[in-house]
Amino acid sequence: MADVSLKQVRKSYGNVEVIKGVDIEIEDGEFVVFVGPSGCGKSTLLRMIAGLEDITSGTLEIGGRVVNDVQPKDRGIAMVFQTYAIFPHMSVRENVAFGLTIAGASKEEKDRKALEAARILQMEHLLDRRPSQLSGGQRQRVAIGRAIVRDPEVFLFDEPLSNLDAALRMDMRMEIGKLHKHLSATMVYVTHDQVEAMTLADKIVVLRDGIVQQIGAPMDLYHNPANLFVAGFIGSPAMNFMDVEVLDQSADGVTVKAPALDPVKLPGVGEAFTANSKAKLGIRPQYLSVAPDTHAGALHGKVALVERLGTETVVNVELTRGGRIVAALAEDRPLELGTDIALGFDPGQAHLFNETNT
Ligand SMILES: Nc1ncnc2c1ncn2[C@@H]1O[C@H](COP(=O)(O)OP(=O)(O)OP(=O)(O)O)[C@@H](O)[C@H]1O
Ligand SMILES: [Mg+2]
């Protein structure tokens, strides 16, 4: 069993605290992704699990055993980094088996395990090549192969795909997903990439400034963000926010208005709001659509920027009554800059946040 448990984990460099009391429970076999802005502490946290950084205070358990003071090599983990540290003078086979060489394994064992890892990663035909004869994606496979031969209970990945081009990233992303199913090992994965986080994770941990903001399944975070930060961080393009005034709260919803928005009732928003208070309305770009001009409650404006992506069209709209809003419209739409546009949204899909709930 290799569940990983962090309890009130803290890390300071000198008198600067970068991890500020983190609690995370990772179950055996789970795929957990850490996301958050640059500098929020993702790598530091991963390196603390690996044993490459000391833990200033708190407890780290792997498989039910406190490992705060256990050497990295004795933690049952293997780590894959963004820059794949593979040796140019060694063949793929030797690179993959490197950890076993260090541990003094026999040639037979090294060859057998290197071949097994190569099979899993579909690179048997590359075993006798040198790294210089490999593509970026193949080199990253070698680095992952090196982790596999160590047969760890927990894999730690720190942005393993961020040096690869878009097509390779997609291949490798699927490869890592398959690897997780095949090995059923616990995996902890740091990424900047929303698609990687949403598709690979059983559970996403959103970090900000060394503090956990929310932990949940990808769609849980997408549909029920705990605060403004998570709402703005998860989803692309980012959620639109509009300052609104709360007019009324009743059993069937909260009525809000803004300079650019006529009063609208939002059913099913969770928290308690009081009349005459300020709040932030959140609308995902995907839930905006082009409305007929006459549509009540529509947001009127002019097209300020158009990004045609083929599958969708991202439109930046300058609202007539103040503010901007981004809509992600389904399909390709050749909209002209400066044309009038009215956008409607389903109030049932909107979010409302207290000003304090940042
Ligand atoms: N050795 C160190 N000494 C002092 N501060 C450090 C050290 N290593 C990291 N930090 C600081 O700790 C914070 C967290 O860094 P970390 O590398 O964990 O961020 P990250 O979330 O992985 O960011 P990125 O997405 O850019 O990789 C940053 O503010 C960083 O400057
Ligand atoms: Mg990092």
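The following legends describe close-up views of a predicted model.

Residues are numbered from 1 along each chain as its sequence is written, while chains are lettered from A and ligands numbered from 1 in the order in which they are written. Because the model is predicted, local features need pLDDT of at least 70 and side-chain atom pairs count only at pLDDT 80 or more, whereas totals for chains, interfaces and linings use all residues.

View 1. The C-alpha atoms fill a box of roughly 75 × 45 × 35 Å along the principal axes. The chain holds nine helices and 20 strands; helices (H or I, at least four residues) and strands (E, at least two) are DSSP runs numbered from the N terminus. Of its 358 residues, 37% count as buried. A residue is buried if 20 or more other C-beta atoms lie within 10 Å of its own, exposed if 12 or fewer, and partly exposed in between, with C-beta atoms placed from the backbone. The domain assignment gives domain 1 (4–233) and domain 2 (240–354), with bounds that come from an automatic or database assignment. Four residues of domain 1 are in contact with four residues of domain 2, contact being a distance within 7 Å between C-beta atoms placed from the backbone. The side of domain 1 that touches domain 2 has three nonpolar, one polar and no charged residues. The C-alpha centres of the two domains lie 39 Å apart.

**View 2. The shell around ligand 1.** The residues around ligand 1 are Tyr-13, Val-18, Gly-36, Ser-38, Gly-39, Cys-40, Gly-41, Lys-42, Ser-43 and Thr-44. A residue belongs here if its C-beta atom, placed from the backbone, lies within 6 Å of the molecule. Helix α1 (residues 42–50) supplies the largest share of this shell, three residues. By class, the shell divides into three nonpolar, six polar and one charged. In this classification Ala, Val, Leu, Ile, Met, Phe, Trp, Tyr, Cys and Pro count as nonpolar, Asp, Glu, Lys and Arg as charged, and the others, Gly among them, as polar.

**View 3. Strand β1 and its partners.** Strand β1 (residues 4–13) pairs with strand β2 (residues 16–26) in the antiparallel sense over eight bridges; two strands pair if DSSP finds at least two bridges between them. Within this pairing, Ser-12 has Glu-17 in β2 as its bridge partner. β1 and β2 form a hairpin with two residues between them, and Gly-14 in the turn has a positive phi of about 60 degrees. β1 also pairs with strand β4 (residues 57–62), in the antiparallel sense and over five bridges. There, Ser-5 has Glu-61 as its bridge partner.

**View 4. Strand β6, covered on both faces.** In a regular strand the side chains alternate between the two faces of the sheet. In β6 (residues 77–80), Ile-77 and Met-79 on one side and Ala-78 and Val-80 on the other are all buried. β6 pairs with strand β7 (residues 154–158) in the parallel sense over four bridges. Ile-77 stands opposite Val-154 in β7.

**View 5. An open sheet of five strands.** The strands follow the order β15-β19-β16-β17-β18, with antiparallel pairing. The edge strands are β15 (288–290) and β18 (324–330), each of which pairs on one side only. Neighbouring strands are turned by 50 degrees against each other on average, direction ignored; axes are lines fitted to C-alpha atoms, for helices over the stretch in contact, and angles run from 0 to 180 degrees between N-to-C directions. β15 and β19 (residues 340–345) are joined by three bridges, and Val-290 has Leu-343 as its bridge partner.

View 6. Most residues other than glycine have a negative phi, and most peptide bonds are trans. Asp-151, in the loop between α5 (136–149) and β7, has a positive phi of about 50 degrees. Asp-151 counts as partly exposed because it has 15 C-beta neighbours inside 10 Å. Ser-184 lies in the loop between α6 (166–183) and β8 (186–190), and its phi is near 40 degrees. With 11 C-beta neighbours inside 10 Å, Ser-184 counts as exposed. A cis peptide bond joins Ser-236 and Pro-237, with omega about -5 degrees; Pro-237 is found in the loop between α9 (228–233) and β11 (240–250).

**View 7. Thr-358 and its contacts.** Thr-358 is found in the segment after β20 (351–354). Thr-358 is exposed, with 12 other C-beta atoms within 10 Å. Not counting residues up to four places away in sequence, Thr-358 touches Asn-227, Leu-228 and Phe-229. Thr-358 and Phe-229 are 129 residues apart in sequence, yet 5.9 Å apart in space, C-alpha to C-alpha.

Technical notes:
Two residues are in contact if their C-beta atoms, placed from the backbone, lie within 7 Å.
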